[in-house]
Amino acid sequence: MAIETATLNAVQRAPGVWRQSWYRFRRNRAGMLGLGLVTLVVVVALIAPFVAPFEPTDQSAMLRGAARRPPDAIHWLGTDRNGYDVFSRLLYGARTALLVGLGAMTIASLIGVIIGGIAGYAGGMTDELLMRFAEFFMVIPVFIVILAVVRLFGIVVVGTWMEDIPNLNLLTIIVLLGCFEWPPIARMARAEFLRLRNAEFVEAAVCIGTPRRDILVRHILPNALPSLIVLVALGIGGAILAETMVSFLGFGDPKAVSWGQSLYFNYEALKVAPWAVLAPGGALFCTVLGFNLLADGLTDAFNPRLRQ
Amino acid sequence: MGTARYITRRLIFAVCLIWGVSVILFAMINAIGNPIEILLAERPGITDEIIESVTKYYGLDGSVTDRYFTWLWAIVRLDFGTSIIYNLPVSEMLVIYGMETLKIQIPGIVIALFVSVMISVLAATRQYSKVDFGVIAGAMVGHSLPGFLLGIILILIFSYWLGILPSYGAYSTRNPVMGSEVIDGLWHMVLPVSMLVFFNTATLTLLLRSSLVDVLRQDFITAARASGLPERRVVFGHALRNAFIPVLTYLGILFGLMLGTAPVTETVFTWPGLGALYIMAIQQLDYPLIMGATMIITVMLVTATLLTDIAYVVIDPRIRLG
Amino acid sequence: MTAPLLEVEDLDVHFPVFRGPLRRRAGTVRAVDGVSLRVMPGETLALVGESGCGKSTLGRAVLRLQEPSGGQVRFEGQDLLHLGKRDLKAARRRMRMVFQDPHASLNPRLRAAEIIGEAFTIHGCTRAERDAGVAELLTLVGLGPDFAQRFPHEFSGGQRQRLGIARALALHPSFVVCDEPVSALDVSVQAQIVNLLMELQERLGLSYLFISHDLHLVEFIADRVAVMYLGRIVETAPAAALFAGPLHPYTRALLAASPSIDPDRRAADAVIEGELPSPLNPPSGCAFHPRCPHATDQCRAEMPPLAALATGHDVRCWHAADWMAAAPARAEALG
């Protein structure tokens with residue numbers, strides 16, 4: 001035994017679960033590209049106010065008669081039909097996009113983990129009912145319902161105290177996306193909780209008298225995290241795309257500086273000022289691609305056996 | 001549990017689902033109060049009496065529950081009421097616009113299926129080759145490129161810059177292309193269908209390629225090869241059939257996704273389909289039309305899901321029913 | 001005579017089986033059916049049987065990791081099955097489990113110190129007490145305090161099982177259920193772990209319920225042995241007596257089936273034939289009769305009671321007395 005101890009001390013310590021995943025992730029070129037794109041979006045969102053040449057609300061180009069100008073030295077990506085600087089709004093749009101993605105997925109993760117966790121841990125009839133409930137949300141035409149709710153909610157709030165909340169419309173969209181995007185997370189959380197509920201280390205924890213809350217939070221949840229993180233990464237991209245589509249159809253927040261709003265206002269002028277549409281479109285594409293690749297890379301990194 | 005029993009259960013669930021959506025929708029629309037009031041409020045010369053009589057005309061008086069059951073009973077008889085804005089029977093409008101939606105959605109999926117099978121076979125039989133990596137990369141990019149952006153790019157290139165394809169509508173208003181209405185219709189379909197095919201192909205290829213790679217690795221394929229079957233028979237006869245199962249189950253989801261985002265697709269191409277109709281209806285608060293369009297979209301979606309569920313168990317006997 | 005540490009009486013663990021879309025109750029699996037056991041302080045009781053006979057379920061039910069459906073479990077004089085949440089937690093300071101698979105039984109996200117220290121935290125010890133306890137336990141199981149900050153994957157299989165034992169010994173329990181503690185380990189490591197368990201028993205005065213299917217191991221470690229078949233105890237005896245003169249045909253078959261260097265052990269009883277019957281639908285009468293070479297009509301019709309044939313030697317067989325009578329003769333014949 002002394003020998004056993006000595007050899008283990010001499011050998012370099014094996015890396016932890018997260019570090020091992022990172023080693024695998026680093027070798028995945030597509031995943032790294034995704035991470036790069038996502039980092040770029042985050043950095044842009046953080047430094048937008050410092051690097052943007054114009055305020056996102058600056059319409060002065062309109063007064064100078066310089067709306068719908070193609071890219072030049074002053075307006076790097078041109079101006080749009082409202083006289084906004086396309087490049088500046090592109091940078092600021094990253095903030096809105098991330099706010100939507102993170103906000104919606106925070107809500108979705110909370111609901112999903114709670115519902116899925118209860119279903120998986122409790123089992124039986126509770127499980128059956130909660131999963132049917134989740135399935136309901138997976139089959140109904142979510143996007144269509146969101147459009148209707150955004151529109152109708154906009155009417156309901158007129159004349160109430162809620163009208164004074166800034167960016168209420170954007171908040172509504174975020175909350176709605178969160179409330180409709182939770183079922184995949186719930187299903188995964190349920191599967192993981194079900195698997196881990198009967199794991200021996202959970203039984204071992206019960207055996208020493210660990211209270212149920214600790215078992216769920218300390219023993220089960222951390223082990224369920226990798227699979228959930230993949231879904232959250234995918235969901236952030238999905239939520240950003242959904243918000244853009246809602247805005248593109250004209251149901252977005254007119255006060256928000258988002259890529260979808262730019263697309264909505266400039267689509268009619270596609271023929272004369274295509275740059276005003278292509279720029280936010282390209283930004284959206286890069287963001288969605290980034291999150292998709294990141295999720296893909298994470299799947300490989302967390303489940304090396306699934307790799308092909 | 002037998003297959004028949006399983007199917008019955010799914011059917012019951014599907015009906016419950018549609019009913020659930022109808023309740024939510026009805027509750028939501030009633031939350032805004034009387035739509036007639038909101039619609040007519042800003043117009044000049046509208047008195048309370050007019051609002052009252054119009055409300056009565058559209059059957060919007062009476063208690064919420066009464067109205068719900070009246071509406072539900074009408075729906076069951078396929079009577080969706082009359083559109084407030086267009087003053088046409090909603091059921092008629094749904095059929096006309098619905099056909100336009102299916103006209104681009106169905107070719108969009110069918111063509112994509114063929115294309116993705118070809119591409120996937122090409123990639124999977126040359127695993128880890130440059131072709132394979134190219135296909136994976138292309139599919140991943142295509143899958144992440146939002147359909148409506150692709151639509152915009154297609155319009156920009158083929159309508160505005162090259163000027164060869166129409167950018168909006170399903171028919172020409174004045175001179176049909178080549179003097180034939182059929183060709184004119186097909187000509188208008190080219191861009192929207194291309195866009196749908198592109199997106200669907202990318203998604204299906206991602207799925208089918210990895211599924212095919214998986215199957216090609218299995219022992220029964222090696223056995224088939226060893227028995228001297230030509231490679232073409234091995235891939236198309238044995239491997240593809242097995243690799244297709246996950247794809248088939250995904251078709252329903254894909255169709256649902258396409259239908260759900262039809263408002264965006266149809267807005268980009270100004271296509272007179274259900275999605276565009278739906279947008280119009282919620283913009284103008286055309287209450288019977290909102291209800292009707294949502295119900296139809298839900299029914300189509302639920303049916304697609306149901307069909308995939310059934311196809312799944314019919315095709316793959318190994319699936320445990322539960 | 002001292003009071004037993006653990007007393008199990010008529011313990012049942014039944015699992016309802018549901019079938020069909022309406023989840024109608026289709027039957028019951030009697031995983032553990034009317035089992036009575038006693039474990040004295042400082043004693044090792046081995047529980048032996050084929051896989052699927054309910055021995056693991058019994059071990060879990062004794063610790064209330066699996067809720068029993070009937071019977072009594074008294075631990076240190078307390079009725080375990082009717083304890084409230086708080087009292088049960090207190091009782092869990094005194095009884096623990098060592099699991100079969102040291103890979104699955106350690107939370108991969110926690111460090112060794114956290115795994116062992118959890119019991120201290122839960123039962124309200126201070127940080128200092130916990131750290132001291134962890135260091136002491138790591139030394140006790142032969143790992144040493146240097147290992148405290150490592151994750152389970154940084155340990156070898158044998159070391160992991162030591163970690164599992166250290167966790168089980170936190171806060172000085174008096175009773176430990178060892179559920180096949182070495183069967184997942186390499187043969188070369190098995191002996192080390194078994195020796196550690198026996199050494200710890202001596203030093204700390206522990207009682208073990210040792211669940212195993214390895215008869216050699218049991219012979220080596222156990223004071224008394226209980227043999228289980230289809231949820232019931234069929235024979236229980238002091239280890240020496242059982243291995244010298246097994247009485248139940250099932251025990252004899254088990255012993256015969258286990259490969260032995262000792263040629264005398266290759267006894268007359270044939271190796272067990274047939275499959276273990278489904279516990280959902282157990283045979284009538286004596287559950288062993290379909291596989292028993294000596295089964296009579298009485299065996300097929302009536303279930304035999306667990307009868308005492310010698311001091312501490314109970315057998316559930318109608319013909320046990322005959323085997324008892326035949327035993328000396330057979331011993332002579334073999335000798």
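Modeller: Start with the sequence order in chain B: the pattern reads α-α-α-α-α-α-α-α-α-α-α-α-α. That is 13 helices and zero strands. Keep in mind that this is a predicted model.

Now the overall dimensions. Along the principal axes, the C-alpha atoms of chain B fill a box of roughly 85 × 60 × 30 Å. Chain B has 322 residues, and 34% of them are buried. The contacts reach across the sequence. Take those in chain B between residues at least 6 apart: 69% of them join residues at least 24 apart.

Next, the side that chain B turns to chain A. Here 38 residues of chain B are in contact with 31 residues of chain A. Several helices of chain B give two or more residues each. The largest share is that of α13(B), with seven residues. By class, this side of chain B has 28 nonpolar residues, 10 polar and no charged.

Cross over to chain A and look at two of its helices. Helix α10 of chain A covers residues 200–207, and helix α11 of chain A covers residues 212–248. They pack at an angle of about 150 degrees, with their axes 10 Å apart. Angles over 145 degrees count as roughly antiparallel. So α10(A) and α11(A) are roughly antiparallel to each other. Their crossing is right-handed.

Which residues meet there? From α10(A) come Phe201(A), Val202(A), Ala205(A) and Val206(A). They meet Ile215(A), His219(A) and Ile220(A) of α11(A). By class, that contact has six nonpolar residues, one polar and no charged.

The two helices turn up again where chain A touches chain C. In that interface, 22 residues of chain A are in contact with 29 residues of chain C. The elements of chain A that give two or more residues are α1 (2–10), α10 and α11. The largest share comes from α10(A), with seven residues.

The side of chain B that touches chain A has no charged residues.

Finish in chain C, with two backbone details. Most residues other than glycine have a negative phi. Arg64(C) has a positive phi of about 60 degrees, although it is not a glycine. Arg64(C) sits in the loop between α1 (55–62) and β4 (70–75) of chain C. Leu230(C) also has a positive phi, of about 50 degrees, and is not a glycine. Leu230(C) sits in the loop between β9 (224–229) and β10 (232–238) of chain C.

Are these two residues buried or exposed? The cut-off for buried is 20 or more other C-beta atoms within 10 Å. Arg64(C) has 19 C-beta neighbours inside 10 Å, so Arg64(C) counts as partly exposed. Leu230(C) has 24, so Leu230(C) counts as buried.

Conventions: Residues are numbered from 1 along each chain as its sequence is written. Chains are lettered from A and ligands numbered from 1 in the order in which they are written. This is a predicted model: local features need pLDDT of at least 70, side-chain atom pairs count only at pLDDT 80 or more; totals for chains, interfaces and linings use all residues. Axes are lines fitted to C-alpha atoms, for helices over the stretch in contact, and angles run from 0 to 180 degrees between N-to-C directions. Helices (H or I, at least four residues) and strands (E, at least two) are DSSP runs, numbered from the N terminus. Angles under 35 degrees count as roughly parallel, over 145 as roughly antiparallel, 65 to 115 as roughly perpendicular and the rest as oblique. A crossing is left-handed if the near helix is turned anticlockwise from the far one by less than a right angle, and right-handed if clockwise. Two residues are in contact if their C-beta atoms, placed from the backbone, lie within 7 Å. Ala, Val, Leu, Ile, Met, Phe, Trp, Tyr, Cys and Pro count as nonpolar, Asp, Glu, Lys and Arg as charged, and the others, Gly among them, as polar. A residue is buried if 20 or more other C-beta atoms lie within 10 Å of its own, exposed if 12 or fewer, and partly exposed in between; C-beta atoms are placed from the backbone.
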